[in-house]
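I opened my notebook today to look through a structure piece by piece. Here is what I looked up, in the order I went.

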Amino acid sequence: MNFIHLIDYAGTFAFAISGIRLASAKKFDWFGAYVVGLVTAIGGGTIRDLLLNVTPFWMLQPSYLIVTALALFSVIVLGKYLIKLNNTFFIFDAIGLGLFVVVGIEKSLSAGFPFWVVIMMGTITGSAGGVIRDILINEVPLIFRKDIYALACVIGGLVFYACFQLEVSPTITQIVSASSIIITRILAVKYHISVPVLKGSDED
Amino acid sequence: MNFIHLIDYAGTFAFAISGIRLASAKKFDWFGAYVVGLVTAIGGGTIRDLLLNVTPFWMLQPSYLIVTALALFSVIVLGKYLIKLNNTFFIFDAIGLGLFVVVGIEKSLSAGFPFWVVIMMGTITGSAGGVIRDILINEVPLIFRKDIYALACVIGGLVFYACFQLEVSPTITQIVSASSIIITRILAVKYHISVPVLKGSDED
Amino acid sequence: MNFIHLIDYAGTFAFAISGIRLASAKKFDWFGAYVVGLVTAIGGGTIRDLLLNVTPFWMLQPSYLIVTALALFSVIVLGKYLIKLNNTFFIFDAIGLGLFVVVGIEKSLSAGFPFWVVIMMGTITGSAGGVIRDILINEVPLIFRKDIYALACVIGGLVFYACFQLEVSPTITQIVSASSIIITRILAVKYHISVPVLKGSDED
């Protein structure tokens, strides 16, 4: 298990925890909470893989199911003590997001798509899981209303594209792109930066 | 039409009825109710087939559309007299669930996936339709909160796996696996057995 | 850019506007509104393409993303003045619907599916985007409860099929089929024609 795998597992764990905690607030049973946690963790990559017409990544190795089971077990055992770890989870989530987006970008790039598709696929990889999570718990998706989340994925994609055009080495490109996402997330949450709310035609 | 087809149609009918009845409680029109009934009946198998990257099963023969139309017609004509048949529908639904899961398992197995994927595909085949149904009528999915439903599919999958490892004949394997699902459902509903609710970090 | 492209863009614009306006009523931010607008415009065709197992149409050219960006920009700049254009949008939407359905029909027909699948694919192309839109803003899908919308798509499909059987020339078939959808929509809204509400078994 190398460093990338470690980040992948930490990100999956953080994503799964976010789903499981929201499910527990809605009185889901253990099985339901597991499903919501799993969908949060793998939903974005699954939609990406369906759009790219390849076998969904989690069908090729069971680690995502196992990590989600560990996340469920942690919530069951640790319960409300997990609240104190909110900042830890935020960091895990941000790092996981950075990695997920970069993985999504590279997978789409190697499938031969142009960069505007690639950036969309990176964004979908990072943020669609949270959207499906919110649909399952019957809430308006959080990322459409709060903080900079999906936009951080787009920024990471643009940074990746810039590095790619400047012929930066692949490893540096990955690190710089993922870092730009992590930093955007941290700054957005710390300074309450958000995208303006749309004042549209239906408002009074 | 052989016995398997008969069960397949009965299960489709029961699944469609469950969707149409919930849609009628939400004042959907006939067309909307038909769509919800159809999605309940074919949604799980459709997601399975998209994940397996094969043509969705209902695009290959029109019987599922016809059976759903019969289900809609029954609800329109019989209306509230159907309430008295609740137990009949429960049995149809349980038998249909058993069959759907076994069909999903065999299709995924013959596509060459390992057993943990196969069991997931069986569970998705049996329960994802009900989840999409609940999303369409804008409710929190019932199976995440009540009774043992998706878990019965997992149990059926594990039984199938055990039979497979013990080299039980295919027909016996199918019958034993489907029966374990049907029996689990009946016991769970009769004795109000359910998965524990998750007491998580967001509760007070 | 020929006439078909012009209608395609106008339809995409009208569909995107409908999503963006509903998102703005829910206080979505700009990014969220863009996503809802985009999904409304491309959601139906995406589900069709996933079912047909071909690369989603919008991944092959960026125009749908650009038109959706123009729609968002219009709502931001023009805001409540857009309300006065409701009738214009309705006409755009009806024309776009007619075109989308015909495009969906032709794509599925050339993939070799029988006509009952083809008509379903046309209907999905025209109406599934609005269903996903309503799921994202956490409302019961409008088309299941109000006006004739999805049914107009089915009617257009049946008209297409009739023309096809009568060996009408392709161009005439397209025009007659799309027109039947547009006229159905206009008549349904003008005379408040709707599908009957289902009085089902759960009502008291």
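**Entry 1: what I am looking at.** This is a predicted model, so I keep in mind that local features are taken from residues with pLDDT of at least 70.

**Entry 2: how the copies are related.** I started with chain B and chain C. A rotation of 120° superposes chain B on chain C, with 0.0 Å of shift along the axis and an RMSD of 0.0 Å. The two copies are thus related as by a three-fold rotation axis.

**Entry 3: chain B against chain C.** I asked how many residues each chain brings to this contact. Chain B contributes 30 residues and chain C contributes 25 residues. On the side of chain B that touches chain C, α1 (3-25), α2 (30-52), α3 (63-78) and α5 (115-136) of chain B each supply at least two residues. The most comes from α2(B), with 6 residues. I also sorted this side of chain B by class and found 20 nonpolar, 5 polar and 5 charged residues. Do the copies meet through matching or different surfaces? They meet through different surfaces, because only 10% of the interface residues of chain B are also interface residues in chain C.

**Entry 4: chain B against chain A.** Here 25 residues of chain B are in contact with 30 residues of chain A.

**Entry 5: α4 and α7 in chain C.** Next I turned to helix packing. Helix α4 (residues 86-110) and helix α7 (residues 170-190) of chain C pack at an angle of about 140°, and their axes are 8 Å apart. The crossing of α4(C) past α7(C) is right-handed. Residues on the α4(C) side include C:F90, C:I95, C:L99 and C:V102, while those on the α7(C) side include C:Q174, C:I181, C:R185 and C:V189. I sorted the residues of this contact into 12 nonpolar, 4 polar and 1 charged.

**Entry 6: α4 and α5 in chain A.** In chain A I looked at helix α4 (residues 86-110) with helix α5 (residues 115-136), whose axes come within 7 Å and cross at roughly 140°. α4(A) passes α5(A) in a right-handed crossing. Among the residues that meet are A:L97, A:F100 and A:I105 from α4(A), and A:V117, A:M121 and A:I124 from α5(A). This contact divides into 10 nonpolar, 6 polar and no charged residues.

**Entry 7: α6 in chain B.** Helix α6 (residues 150-165) of chain B has 16 residues. From first C-alpha to last, α6(B) reaches 23 Å, close to the 22 Å expected at 1.5 Å a residue. Which residues of α6(B) are buried? They are B:A150, B:L151, B:A152, B:C153, B:V154, B:I155, B:G156, B:G157 and B:F160. I looked for their cover, which includes α2 (30-52) of chain A as well as α4 (86-110), α5 and α7 (170-190) of chain B. Just after α6(B), B:E167 takes a positive phi of about 55°.

Entry 8: B:K27 is not a glycine, yet its phi is positive, about 60°. I found B:K27 in the loop between α1 and α2 of chain B. B:K27 counts as partly exposed because it has 16 C-beta neighbours inside 10 Å. In chain C, C:N53 is also a residue other than glycine with a positive phi, near 60°. C:N53 sits in the loop between α2 (30-52) and α3 (63-78) of chain C. With 14 other C-beta atoms within 10 Å, C:N53 is partly exposed.

**Entry 9: a lysine at a chain contact.** I ended on A:K199, which lies in the segment after α7 (170-190) of chain A. Leaving aside residues up to four places away in sequence, A:K199 touches C:S24 and C:G79. A:K199 is partly exposed, with 13 other C-beta atoms within 10 Å.

Terms used. Residues are numbered from 1 along each chain as its sequence is written. Chains are lettered from A and ligands numbered from 1 in the order in which they are written. This is a predicted model: local features need pLDDT of at least 70, side-chain atom pairs count only at pLDDT 80 or more; totals for chains, interfaces and linings use all residues. Copies are superposed by least squares on the C-alpha atoms of residues with pLDDT of at least 70 in both. Two residues are in contact if their C-beta atoms, placed from the backbone, lie within 7 Å. Helices (H or I, at least four residues) and strands (E, at least two) are DSSP runs, numbered from the N terminus. Ala, Val, Leu, Ile, Met, Phe, Trp, Tyr, Cys and Pro count as nonpolar, Asp, Glu, Lys and Arg as charged, and the others, Gly among them, as polar. Axes are lines fitted to C-alpha atoms, for helices over the stretch in contact, and angles run from 0 to 180 degrees between N-to-C directions. A crossing is left-handed if the near helix is turned anticlockwise from the far one by less than a right angle, and right-handed if clockwise. The expected span of a helix is 1.5 Å times one less than its number of residues. A residue is buried if 20 or more other C-beta atoms lie within 10 Å of its own, exposed if 12 or fewer, and partly exposed in between; C-beta atoms are placed from the backbone.
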